[in-house]
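Here is a short briefing for a first look at this structure. Keep the sequence and the 3D view at hand while reading.

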Amino acid sequence: MSNILLIDFGSTYTKLTAVDTETESILGTSQSYTTVESDIINGYENALSELRKQTGGIVFDKRIACSSAAGGLKMVAVGLVPELTSKAARLASLGAGAKVIKTYSYELTKSDLEEIDSSRPDICLLCGGTDGGNKEVIIHNAGMLAKSTGHFPIVYAGNRNAADECAEILASKQCIVCSNVMPRLGITDSAPVQKVIREIFLTQIVKAKGLSKAQDLVGGILMPTPSAVLAAMKLLSKGTEREDGIGDLVAVDLGGATTDVYSMCNGHPTNPMTTLRGLKEEYAKRTVEGDIGMRYSIKGILEASSPYEISTISGLPEDICLEKINHLAENTDELPSTEEDQNLDVALACIAVRTAVARHAGRIEEYYTPMGVSYVQTGKDLGSVETIIETGGALVRTGYAEKIGQYALYSPNDPMSLRPKKAKILTDRKYILAAMGLLSTEYPDVALHIMKKELV
Amino acid sequence: MEEKNNEKNVEKTTEMKPKKKIVIGVIGADVHAVGNAILNRAFLDAGFDVTNLGVLVPQEEFIQAAVEVGADAILVSSLYGQGEIDCTGMREKCDEAGLKGILLYAGGNLVVGKVPEEEIVARYRALGFDRAFGPGTDPSVDIACLRKDLHMDD
């Protein structure tokens, strides 16, 4: 077996990557505009004929696909305390490749339930309480969800001592019980719940989203796209049994509407005088900034910065910057055509990357105690991460990946943000990360070699 | 610095009743780790389900932890003299967080200067704490109080 076709059914583009596993090389990549409405198969066929122009009439021995089409995997996360089980539920959902519509804490109210129903999630993740901990709130929330008019499955990953009772309350719904996302205080365990979410995605969501035809055509949609990217990043960082990975890394995927950040590192405090507070986050972490993106969420970038700063980075006057930003917010499919537009895009990308990585990274606080200075860390310390990977059209297209990447790093203007101190910037020029995640399910060594070659 | 220890006591006890759950830690900008480690051991040995938050713990973290683990009591240590400032408002925050009536203890060098134990207790009771223990109290005293207040021997 040698030629493999990797497919990413996106919300706007279907992207194809053809790989030869014998020579461990990319034969070609292509993409085609698609919407679910215009029939996803057409987009696939168009992209395929585009690809054949590069590869010739080769035969594919296998096709593997991931999908973020039809809104991706939409989830609602419910927990107890915002900083603890709610955050754990949210991070576990994001790590499963989901788009988290909203995270709820404490007792769900009637209007919360109405909001959940009208947001039409694909899955609801119900958490709360450590094992043996609080039961009242999760039992109340199970009772509320039992009254939901929606038909979404509910994944229970809360206090195991309340699981049976909640499963009974939710008997009229599809309720899958798995182990607690926070079995002990501050300790997260999201692998079991992520496995359940993936199974539901495979068996139900793909069908519910009208992607069955696409599934039949390609022989299986294995996972949501972000989870394929996560798999690729984990592989690149850790390596395989036969070959080492490149170690700790951070990846930024800057899109038009959102910015995804992935980090692969333990992120434990490096200084013995530092105490870790709150949730102990996992080695593989994904966050999504819904208000930071190059077009649909361009106003969010402006809010995270100032016209003055955008003007300083881009070299354009403030009023021109504002005018162009307003224009781009309305014309979301416009790509830069002049040098000025290009400079503005670079400036926006710089701020988007800085904001998204700063929100992803942990923070440190100083405490002056009678015993001297002490430090308290929340979240992950990315200080020792040595590689940053950039992906997404805006980052790759500008040709200023190096400059933009610097904004992901530690800055003396925000010294308490635990971002990488010094890192090599690698660019995903052919947009292959999701494809490599898919390939890694069967050919991890090949995927690792291709990434080491292609990310430069 | 002290490793945060959330390990549950896995030793088998002959009691059939579920273990009582307590949250412990050193409040405020206080980094005295040793006394807290001794208390952690003593409470585990006495059969409690202990969630140990370590040092430099703000009020909010005690409360959040107590909510998630469904704690029966919060035991606050303070060794550096600023305990009164650090503990002020804790009872009210507990009420706010739905932990109405939860058992609150404080122990350590709770006030500045040499103050008779009765007065320390009075000051902490005024802050809403159920009990306060001065310097040098043996852990067995706290354990006996906990057993009584949580009706463990009834």
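The points below go from the chain contact to domains, sheets, helices and single residues.

This is a predicted model. Chain A is divided into three parts: domain 1 (3-70 + 211-241 + 433-454), domain 2 (74-204) and domain 3 (249-427). Chain A also touches chain B, with 27 residues from chain A and 20 residues from chain B in the contact.

**Contact between the chains**

- Chain A gives 27 residues to the contact, and chain B gives 20 residues.

**Domains 1 and 3 of chain A**

- The centres of domain 1 of chain A and domain 3 of chain A, taken over C-alpha atoms, are separated by 27 Å.
- Their contact takes eight residues from domain 1 of chain A and nine residues from domain 3 of chain A.
- Which helix gives the most to the domain 1 side? Helix H8 (residues 225-238) of chain A does, with seven residues.
- The residues on the domain 1 side are six nonpolar, one polar and one charged.

**The mixed sheet of chain A**

- Five strands of chain A make an open sheet, in the order E3-E2-E1-E4-E10. The pairing in this sheet is mixed.
- Strand E3 (25-33) and strand E10 (221-224) of chain A stand at the edges. Each has a single partner strand, so one side of each is left without a neighbour in the sheet.
- On average, neighbouring strands of this sheet are turned by 20° against each other, direction ignored.
- Strand E4 (residues 62-67) of chain A and E10(A) run parallel and are joined by three bridges.
- Opposite Ser67(A) stands Pro224(A), in E10(A).

**The parallel sheet of chain A**

- Another five strands form an open sheet in the order E6-E5-E7-E8-E9 (chain A). Here the pairing is parallel.
- Strand E6 (99-104) and strand E9 (175-177) of chain A are the edge strands, and each pairs on one side only.
- Neighbouring strands of this sheet are turned by 20° against each other on average, with direction ignored.
- Strand E7 (residues 123-126) and strand E8 (residues 154-156) of chain A run parallel, with three bridges between them.
- Leu126(A) has Tyr156(A) as its bridge partner in E8(A).

**Helix H4 and Gly143(A)**

- Helix H4 (residues 136-146) of chain A lies across strand E5 (74-78), E7 and E8 of chain A. H4 runs at about 160° to E7(A).
- Gly143(A) is found in helix H4 of chain A.
- Is Gly143(A) buried, exposed or partly exposed? Gly143(A) counts as partly exposed, because it has 14 C-beta neighbours inside 10 Å.
- Gly143(A) and Glu168(A) are 25 residues apart along the chain, and their C-alpha atoms are separated by 9.8 Å.

**Helix H10 of chain A**

- Which residues of helix H10 (residues 307-314) of chain A are buried? They are Ile310(A), Ile313(A) and Ser314(A).
- After H10(A) comes Gly315(A), with a positive phi near 80°.

- Tyr431(A) is not a glycine, yet its phi is positive, near 55°.
- Tyr431(A) is in the loop between strand E18 (424-427) and helix H15 (433-439) of chain A.
- Because Tyr431(A) has 18 C-beta neighbours inside 10 Å, it counts as partly exposed. A residue needs 20 or more to be buried.
- His151(B) is not a glycine either, and its phi is positive at about 50°.
- Where is His151(B)? His151(B) is in the segment after helix H6 (139-149) of chain B.
- His151(B) has 8 C-beta neighbours inside 10 Å, so it counts as exposed. The cut-off for exposed is 12 or fewer.

Definitions and conventions
Residues numbered from 1 in each chain as written. Chains lettered and ligands numbered in written order. Predicted model: local features only at pLDDT ≥ 70, side-chain atom pairs only at ≥ 80, totals over all residues. Contact = placed C-beta atoms within 7 Å. Domains from an automatic or database assignment. Helix = DSSP H or I, 4+ residues; strand = E, 2+ residues; numbered from the N terminus. Nonpolar A, V, L, I, M, F, W, Y, C, P; charged D, E, K, R; others polar. Pairing = 2+ DSSP bridges. Axes fitted to C-alpha atoms, helices over the stretch in contact; angles between N-to-C directions.
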